[in-house]
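Hello,

Here is the structure I promised to pass on to you. Have a look at it first, and then read my notes below.

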Amino acid sequence: MTNVLGGQDMIDLARHPINRPKTAAYRDMLNDVRADLQRDGCAVVRGFLTKQGVAQAVAEADRVAHLGHRSFSRTNVYFSQDDDSLPQSHPARQFYDRSNAFIPADNFSHDGPLRQVHDFPGFDDFIRDCLDEPKDAFFRYDDPLADMIVNTAGEGNGFPWHFDTNNFTVTLALQNAEEGGEFQYAPMIRHVGAADGGENFAAVSEVLQGTSDEIVSLTLNPGDLQLFRGRNSLHRVAPLRGARARHVAIMSWVEREGMCGSPERTKQLYGRVLPVHLERAGLRGDDWLD
Ligand SMILES: O=C(O)CCC(=O)C(=O)O
Ligand SMILES: [Fe+2]
């Protein structure tokens with residue numbers, strides 16, 4: 001194996017000087033990202049990783065892809081239960097198959113390429129700056145199975161239309177499928193908190209029926225970093241085709257220090273739990289029948 005690159009060689013610092021926060025170049029970069037997030041909840045930092053950085057990260061993901069945990073569910077765009085008091089045509093009553101394979105975070109070692117990016121000094125601050133989150137409400141997810149995972153998916157796997165339940169998602173595109181896999185979103189069609197509830201069900205229905213003209217289709221290339229506020233923008237990954245897997249790294253930060261996933265959700269997404277999940281939930285190992 002070739003030597004693992006350090007973060008300074010994985011990240012294209014000449015183009016994206018996240019290590020020089022006091023410079024005009026850093027401020028320009030930040031202003032671009034913030035303007036995009038403000039406009040439609042999505043920003044892409046093109047070519048965040050170097051070419052060699054992408055190659056090493058893909059090789060790492062490929063080496064552990066067989067440890068990905070597949071989970072299947074049928075969900076509506078809100079991740080809510082069916083409600084038979086609503087008409088059959090209501091968007092909350094449309095259910096779609098969702099299947100993921102998440103490679104749990106503990107398969108990525110601290111001296112491996114992906115964590116060299118995640119742990120690079122200034123990376124967390126850059127993300128926080130982009131999102132304009134306060135320092136006292138921005139912490140790494142303290143979850144050894146979930147702080148940085150790789151979502152790996154192939155033909156037949158689906159990430160159908162949904163609104164996120166978290167405030168933002170940060171992803172690093174590593175490898176595309178042969179066809180499909182565009183990130184499609186209907187910017188800001190929902191206005192959570194508006195006086196009328198802001199759900200805009202008519203526009204959501206149009207997206208689901210394929211008649212909306214509000215959909216933006218974004219092709220992310222290997223090495224692109226994406227920041228996305230998905231509570232108000234309906235989005236999906238377009239169906240994948242071909243033999244090659246789509247690999248995307250997903251990194252998470254949360255608003256309180258020391259947060260980790262619940263045992264139930266962790267088990268569902270990653271196929272196992274660790275003692276820390278039980279401890280933080282106030283359970284002992286023998287309270288939890290795996
Ligand atoms: O895999 C992706 O690019 C998007 C995933 C997504 O929408 C999510 O994690 O909520
Ligand atoms: Fe999402």
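Let's start with R246: an N or O atom in the side chain of R246 is 2.8 Å from an oxygen atom of ligand 1. That is a polar contact (a pair of N or O atoms within 3.5 Å; within protein, one must be able to donate a hydrogen and the other to accept it, and residues adjacent in sequence count only if both atoms are side-chain atoms). On its own, ligand 1 has 300 Å² of accessible area, and the protein covers 91% of that (areas come from the Shrake-Rupley method with a 1.4 Å probe; for residues, only the protein chains shown count as cover).

Before going on, please note that this is a predicted model, where local features need pLDDT of at least 70, side-chain atom pairs count only at pLDDT 80 or more, and totals for chains, interfaces and linings use all residues. Residues are numbered from 1 along each chain as its sequence is written, chains are lettered from A and ligands numbered from 1 in the order in which they are written, and side-chain values use heavy atoms, with hydrogens and water left out.

Which protein atoms are the donors of the iron ion, ligand 2? They are H162 (NE2), D164 (OD) and H235 (NE2), lying 2.1 Å from the ion. Donors are N, O and S atoms within 2.8 Å of the metal (3.2 Å for Na, K and Ca), and water is not among the atoms, so sites may look incomplete. Along the chain, the donors follow the spacing H-x1-D-x70-H. D164, in the loop between β6 and β7 (169–175), and H235, in strand β12, are 71 residues apart. Both D164 and H235 are buried (under 20% relative accessible area; exposed is over 50%, partly exposed in between, with a 1.4 Å probe and protein chains only).

Finally, helix α5 (residues 123–131) has seven of its nine residues buried, C130 among them.

Enjoy exploring!

Terms used:
Helices (H or I, at least four residues) and strands (E, at least two) are DSSP runs, numbered from the N terminus.
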